[in-house]
Structures are given as C-alpha cells and as structure tokens.
Amino acid sequence: MTVPSLTSLSIENLRGSVTPFTLSFEKGKKLIIIYGENGTGKSTVSDAFDLLGNGEVGSLDTRGLGVTRRYWPSIGKKAADVKVTLETTGGSCSVSLGKSDVVVSNEALRPQVAVLRRNQILRLIEAKPADRYKEIGRFIDVAGVEASEGTLRKLILDKQNEYNTASTRVSENRATIEGFWREASSPGASATAWAEQEVQRDQTQIDLCKAVVDQLMALWDKVVSHPQKVIDLDSQLKNAEAARNAAQQELAALEGTMASDYLEVLDILKAAQAHFRSHPNPSVCPLCESSENADSLVAEVTRRIESQGQHNKLESAKQAVAGKARAVELAQQRLEDARATAATDAAAFQEYCTSGEVPADILVPAFPMVADTAQWSSWIVSHQDKRDQWARTAEACVADKKFVGALRTSLKILEENEQRAKELEVLVPRLTQVLELIERERKRFTDAILSAISIRVGELYEAIHPGEGLNKIVLALEEGKRASLEIAADFGGNPDSPPQAYFSDSHLDTLGLCVFLALAERDAPENKLLVLDDVLGSVDEPHVERIIEMIYDAISKFRHCIVTTHYGPWRHKYRWGWLKNGQCQFVELSRWSLHKGMSHSRSIPEAERLRAMLGDAAPDHQAICAKAGVILEAILDFLTQLYECSVPRKASGTYTLGELLPAIDGKLRKNLRVEHRHEDSTGAVTYNPRALEPHLVELARIAQVRNVMGCHFNALSFDLLDSDALAFGAEVLALADALIDHEVGWPRNGKSGSYWATAGETRRLHPLKKPS
C-alpha cells in the first residue's frame with residue numbers, strides 16, 4: 001500500500017509556537033532542510049514531530065527539569081491549548097494534550113517518527129552498555145524466546161529436582177522393604193525378591209481365620225451378656241411380686257374397715273351411675289319404677305357416691321393392686337424371654353463351635369453348658385482366656401493383612417519411582433540439549449542482526465570518513481550478559497578498541513549518527529519520518545559535506561526526512577546548486593520573538609533569484625549584473641577546477657572574470673558540451689546536446705558590463721544601455737541552465753573515459769578531461 005505523502009504540519013501553542021505555525025511540504029521532495037540560527041524554533045519543529053509520532057517532547061528530557069510535561073505548552077498557554085496536525089494526501093492526523101496523556105485523532109494516519117538529537121548521539125555512544133542496549137533492543141527483541149528459554153530452564157531444574165526426589169524415594173523404598181525383610185529374618189536371596197513373593201501369597205486363609213474368630217467373638221459376647229441380665233430380671237420379678245403383695249394387703253385392710261352394706265350400696269349407686277350414662281334423662285327410678293323425684297334422680301345418685309368418704313381410697317387401692325399385678329406379669333414375661341434368648345444364643349454358640357467350621361488350632365470352650373443361665377458365670381470365667389486368644393488372633397490377622405498391604409504398596413511405589421527416575425534420566429539430558437540448541441539459535445539470530453547493523457554502520461561511516469580505516473565497527477552483546485551492548489572499532493590494528501577512548505568528538509558524533517540511521521533503516525523505514533535535529537554541531541567542513549551526501553543517499557529508504565541545522569554552508573551550497581536539490585526542500589526560519597513566534601521563508605537558489613530578477617517588471621540592472629557576475633564566477637570556478645585549467649596563482653585564492661574566462665582556452669571551449677536527458681511518455685530516453693562555447697564567447701564579449709554596472713560606481717555606466725545589463729544576466733542564466741540541472745545539481749560525478757554527470761545522469765558534461 002502506498003504511504004500518503006506529507007502536505008503540511010501545523011503547530012499550535014507548543015513550546016516556541018506562541019502563534020500558529022504551518023510548514024508546507026513540496027511535492028516530490030523527500031528531504032526538507034530547516035535552517036535557522038539558534039533560537040529560531042528548530043527544536044520546536046522536531047518536538048512537534050516527536051509529539052505527533054511518539055507522544056513525547058524529547059528535547060527537554062536532559063535539561064534537569066524532572067517531569068517536563070508542564071513545560072510543553074507555550075508561555076501563558078495551557079496543556080489543552082497544544083495541538084499538532086499533520087496533513088497528508090490520505091487525510092489528517094492530530095495530537096493534543098489531555099489531563100495526563102496524549103490524545104490522538106485518526107490513529108490510522110499517525111506516523112512513525114524517529115528523532116535523533118545531538119544529546120542522543122552522545123547517549124547512544126557514551127552510555128553504559130545496558131542503557132545502550134535499550135536503544136537497539138527492539139531490533140533484536142528476543143524476549144519471547146528468552147522467556148521460553150527461562151521456562152525451559154526452569155523445567156529442566158524442576159525435572160532434575162524430580163529426578164533427585166525419585167532417586168531419593170527409590171532408596172527410601174528399598175530401605176523400607178529391607179527393614180521388613182530383616183524383621184522376617186531375611187529369608188530368600190534378596191529383600192525385593194522376598195517381598196515380591198510375599199505379596200503373591202494366598203490371603204484366603206488369613207481372611208478365613210479372621211472371619212472365624214470374629215464370629216466366635218460375636219457369639220461369645222452375646223452369651224456372656226445373658227447371665228447378669230437374667231439375674232437382674234429375676235430380681236426385678238421378685239421386687240414386683242413383693243409390691244403386688246403389699247398392695248393386696250393394703251386393699252384388704254381398707255375393705256375390713258368398711259361396713260358390708262356400704263360396699264353393697266356403693267356398688268348399687270355405681271351401677272346406677274353407669275346406667276345413667278346411657279340413659280341421662282330417666283322418667284322413673286330404674287330400681288323401684290317410681291316417677292317421684294325422677295328429674296333429680298341422676299344428680300342425687302352422683303351426690304351420694306361422692307359423699308361416701310372411703311370411696312376414693314378404695315378405688316385407689318384397687319387400682320394399685322391391679323397395676324402391681326400387671327407389673328409382675330410383665331417382669332415374669334421378660335425373665336422368660338431373656339432365658340429363652342440366652343438358651344438360643346448359647347445353642348447357636350455351641351453349634352458353631354462344634355460345627356467343624358472352626359479350625360483345629362483355634363481353641364473353643366467345653367460343652368455342654370449348665371441349664372440355669374444364672375449359673376453360667378463360672379463357666380464363662382473358666383473360658384475367658386479363649387476369648388482373649390481369639391482377639392489376639394484377630395489382631396494378628398489384621399497385622400498380616402496390613403503388612404502385606406504395606407509391602408505391596410512399597411513395591412508399587414518402588415516400581416513407580418524407579419520407572420520415573422529412568423524416564424527423567426533420559427528426559428533431562430534431552431531437555432538440556434534442546435535448551436542449548438535454542439540458545440545457539442538465539443545467539444546466532446542476534447549475532448546476525450548485530451552483524452548486519454555493524455556492516456551497515458561501517459558502510460555509512462566509510463561514506464563520511466573514506467580511507468580513514470575506521471569503518472570496521474562491531475556491535476556485540478557483552479559476554480555473559482543478556483542486555484548489555486558493546487561497541488568496538490578497529491583502531492591502530494586493535495579490533496576491540498572502544499571508540500569512546502580513541503575517537504574525536506567529531507568522529508563519535510558521526511558514529512552515533514551512523515548507528516542511529518542503521519537502526520532506523522531496519523524498522524519499516526518506508527513508513528517512517530526521520531527527524532535529525534541539529535546533529536552536525538561538532539563536525540568539520542569536509543565531513544559535513546560527506547554527511548550531507550550520505551544523508552541524501554540514506555533517506556531514499558524513508559518516507560520523509562526532516563533535518564534541522566544552523567550550519568550556514570549548507571544554505572549557501574543549496575543556493576548555488578551544489579546540493580542534490582531534487583531531493584531537498586530548503587526552509588529558512590526567521591528570528592523568533594515572543595509576540596510573533598516562529599516564521600519561515602523559502603530559500604531560493606541563486607540561479608532562481610537571477611531568473612526572478614530578470615522577470616521583474618521594473619528590473620534592478622545593477623543588482624542583475626552583480627548577481628549574474630557572481631553566478632558566472634561560480635560556473636567558471638567550477639569548470640576551471642574540474643578541468644584543471646591554468647589560472648594565476650594567488651595567495652587569496654580568489655579570481656576575477658578577467659582571469660577565469662581566458663583560462664578556458666579555445667580547444668577546451670570548443671569541446672565543452674552538455675547533454676540533457678529527456679524521457680518521453682513511453683519511457684524511451686534520449687540526450688539532447690548543447691554546446692557551451694557560444695555562451696562563453698558571448699560572455700567574454702560582454703563581461704565588462706558586469707564590472708562597469710555591477711561592481712562599482714562608474715561614470716562609464718551612464719553610457720551603457722539597460723538592455724546590456726539584461727543581456728548579460730540572460731546569457732549567464734542561459735549558461736547556468738545549460739550546465740546545471742536545478743533539480744539535482746551540478747555534473748560532478750566522473751565517468752571514466754567519457755563524461756561528468758549529475759545524479760541520475762540528467763546532465764552529461766563532455767569531455768571528461770581537458771584536451772591536450
């Protein structure tokens with residue numbers, strides 16, 4: 001998918017943008033150079049891109065301000081006033097500041113931004129290895145693999161511990177079995193062989209013996225419970241009989257004190273009362289059939305019964321006798337039932353003991369038992385020792401069962417632990433081999449990435465420092481440490497020299513720039529905006545020229561590159577077309593003020609300035625001559641140096657038109673031609689030649705116009721026509737248009753045996769060497 005092109009960047013209330021600031025991007029230009037003196041707002045532009053892509057304002061991070069967020073807004077503004085908007089051909093994306101975070105609109109169009117500042121260069125090179133690793137860590141991110149290694153390493157440790165535990169348990173299990181074996185007087189060839197034989201023994205006899213003695217004890221326990229129970233019930237019967245007899249005597253005594261007619265009358269009255277319960281409303285007396293007093297007859301009978309004083313006592317005595325009689329009957333029945341149950345249990349016990357089910361080696365009591373249950377006690381006491389023996393036999397059976405079970409469990413655990421130990425003995429070395437393989441592959445992967453980065457750093461560094469022998473840069477993880485990055489270089493034949501110890505500040509700066517670019521190239525550069533904020537501070541003139549050329553070559557991989565600089569020669573090289581202008585948009589920042597904020601203007605190449613001056617409705621002839629003369633001197637200086645023409649030697653190194661024009665002698669002048677590249681709609685390429693001699697001849701003829709009108713106040717200029725100044729300016733511009741491609745620069749690249757060319761060979765300058 002094609003990445004949208006940048007259209008404009010708008011900054012509101014961020015640091016130096018105290019008034020809204022908009023930076024427009026020229027179509028087709030992947031590089032924008034933002035030039036300005038210190039304090040014009042270059043870092044604010046870099047911070048805007050940083051905030052847009054990364055949610056940070058990194059230029060403040062190393063200034064001892066602590067949490068810098070409160071300093072992001074412009075003076076007098078609040079965080080809510082800050083806004084940065086990037087317009088692209090695909091739409092717009094903006095960021096603003098919330099209470100504690102960065103708010104992004106249209107996240108899909110939020111750009112990836114990599115920002116490099118000078119302090120970051122120093123941090124990248126001079127930082128501790130662990131901090132340096134953080135800068136490069138994301139490109140060799142093997143955290144998932146390392147986490148897997150950690151998990152595998154822990155698994156190996158766990159399995160090794162399991163193996164040690166299993167081995168220990170095997171020893172413990174064998175010791176336990178040997179203990180059983182020694183208790184059994186060490187029969188057989190070995191403890192294990194004996195144990196395996198023991199657990200195979202038939203357990204039926206033990207179970208049968210246990211069942212027999214359990215049954216004997218159960219039947220015995222039933223029998224021995226009866227004598228005391230019978231004695232107790234017999235005593236209860238005797239007590240009930242005594243109570244009944246006493247009640248009978250009390251009733252007889254009460255009856256003896258009463259008259260016989262009282263009892264007879266009482267019986268008659270009670271019979272009448274019972275009759276009245278069925279016939280509550282009699283009309284006559286049921287005894288004499290008289291109707292007199294029939295209405296009150298029932299009440300009178302009840303009154304007379306109740307008036308008899310001995311009635312209640314007599315009734316109570318009778319009831320007591322009846323209750324005591326029933327108690328005697330119940331006690332008698334219980335005693336008979338107990339004797340019957342005892343006889344049944346005794347018969348069952350005797351039958352089991354004599355049935356033949358009891359093995360001969362188990363002693364049983366002597367039979368028969370006495371018939372009277374109450375006399376069983378002596379028999380029970382005489383045979384109690386057999387009950388005790390049965391209990392010991394049952395306990396022995398249980399112990400035998402437990403012993404065999406424990407022995408069987410010990411053998412099973414021994415077998416399981418031996419099997420587990422064998423499995424782990426095979427598994428742990430294999431896991432260790434897998435871990436070693438993964439570690440080797442991770443290191444190989446990491447080393448390959450670091451090697452590729454190192455090679456690319458060396459290539460970029462060699463482009464800046466050709467022939468200095470310092471391009472053998474090595475990035476490597478420090479031995480024995482996971483996240484510690486070392487940088488080494490070949491210095492004086494020592495391949496492990498730390499550049500911090502031997503490189504100059506300039507060399508360290510360029511090394512940091514190369515490392516940053518090499519890293520940035522690895523992370524989807526086609527989607528990334530590269531921002532280089534004033535990174536050329538300590539670099540000298542020759543190296544800056546090469547850095548500029550290296551940046552031009554490197555940015556082809558990126559979506560866009562923004563370079564801020566206060567390096568003045570860069571501006572002048574751009575104006576003279578000595579840069580690859582086709583890849584470059586040059587913006588000059590004006591002086592900043594608190595009320596006006598940031599402002600900028602487009603830097604115009606010198607040839608374009610001359611073209612504009614010639615097209616002015618009211619041209620300044622003196623200015624045209626001056627500008628054209630300077631441009632002509634630059635062209636002639638370029639040609640005379642390129643072809644090594646003879647010019648007068650001067651200590652100052654400056655030359656006039658009168659010295660430069662004749663240096664391009666007749667033979668060279670006749671052979672100078674420039675071929676212009678043309679590509680039609682079908683892609684076919686042709687070159688159209690243009691000779692430079694006509695321009696040089698004409699300029700030699702009218703060059704004095706420049707000296708008269710463009711350099712000094714001279715009365716002779718009064719006699720010259722304005723058209724002469726315009727003609728001189730137009731001829732110089734025609735020569736510049738013929739020689740220079742104003743999009744890609746001057747033809748400086750030499751082609752062996754043929755010509756000089758611009759980038760992309762849009763201009764071919766012939767010949768390659770001055771004709772002899």
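**Close-up 1. Surroundings of Ser17 in the predicted model.** Once its neighbours within four places in sequence are left aside, Ser17 is in contact with Ile11, Glu12, Thr44, Ser74 and Met598. The model shown here and in the other views is a predicted one. Ser17 itself lies in the loop that runs between E1 and E2. With a relative accessible area of 0%, Ser17 is buried.

**Close-up 2. The open sheet of five strands.** The sheet is built from five strands, which follow one another in the order E2-E1-E4-E5-E6 and pair in an antiparallel manner. Strand E2, residues 21-24, and strand E6, residues 102-105, stand at the edges, and each has a single partner strand, so one side of each is left without a neighbour in the sheet. From one strand to the next, the twist averages 10°. In general, the strands of a sheet pair through backbone hydrogen bonds, and such pairing may be either parallel or antiparallel.

**Close-up 3. Strands E1 and E4, with helix H1 packed on the sheet.** Strand E1, which covers residues 6-12, and strand E4, which covers residues 83-88, run antiparallel and are joined by six bridges. Within this pairing, Leu6 has Thr88 of E4 as its bridge partner. Helix H1, formed by residues 42-54, packs on the sheet and touches E1, E2, E4, E6 and strand E5 (91-97), while the direction of H1 makes about 105° with that of E1.

**Close-up 4. The crossing of helices H11 and H13.** Two packed helices are described by the angle between their axes and by the distance between the axes. Here helix H11, residues 376-464, and helix H13, residues 505-522, pack at an angle of about 130°, and their axes are 9 Å apart. H11 and H13 are therefore oblique to each other, and H11 passes H13 in a right-handed crossing. On the H11 side, the residues that make the contact are Ile449, Ala452, Ile453, Arg456, Val457, Leu460, Tyr461 and Ile464. On the H13 side, the residues that take part include His507, Thr510, Leu511, Cys514, Val515 and Leu517, and also Ala518, Leu519, Glu521 and Arg522.

**Close-up 5. Two buried cysteines, Cys209 and Cys625.** A disulfide is a covalent bond between the sulfur atoms of two cysteines. This structure holds zero disulfides. Cys209 has a relative accessibility of 18% and counts as buried, because the term applies to values under 20%. Cys625 is likewise buried, and its relative accessible area is 0%.

Definitions and conventions:
Residues numbered from 1 in each chain as written. Predicted model: local features only at pLDDT ≥ 70, side-chain atom pairs only at ≥ 80, totals over all residues. Heavy atoms only, no water. Pairing = 2+ DSSP bridges. Helix = DSSP H or I, 4+ residues; strand = E, 2+ residues; numbered from the N terminus. Axes fitted to C-alpha atoms, helices over the stretch in contact; angles between N-to-C directions. Contact = heavy atoms within 4.5 Å. Disulfide = S-S within 2.5 Å. Buried < 20%, exposed > 50% of the residue type's maximum accessible area, 1.4 Å probe, protein only. Parallel < 35°, antiparallel > 145°, perpendicular 65-115°, else oblique. Left-handed = near helix turned anticlockwise from the far one by under 90°.
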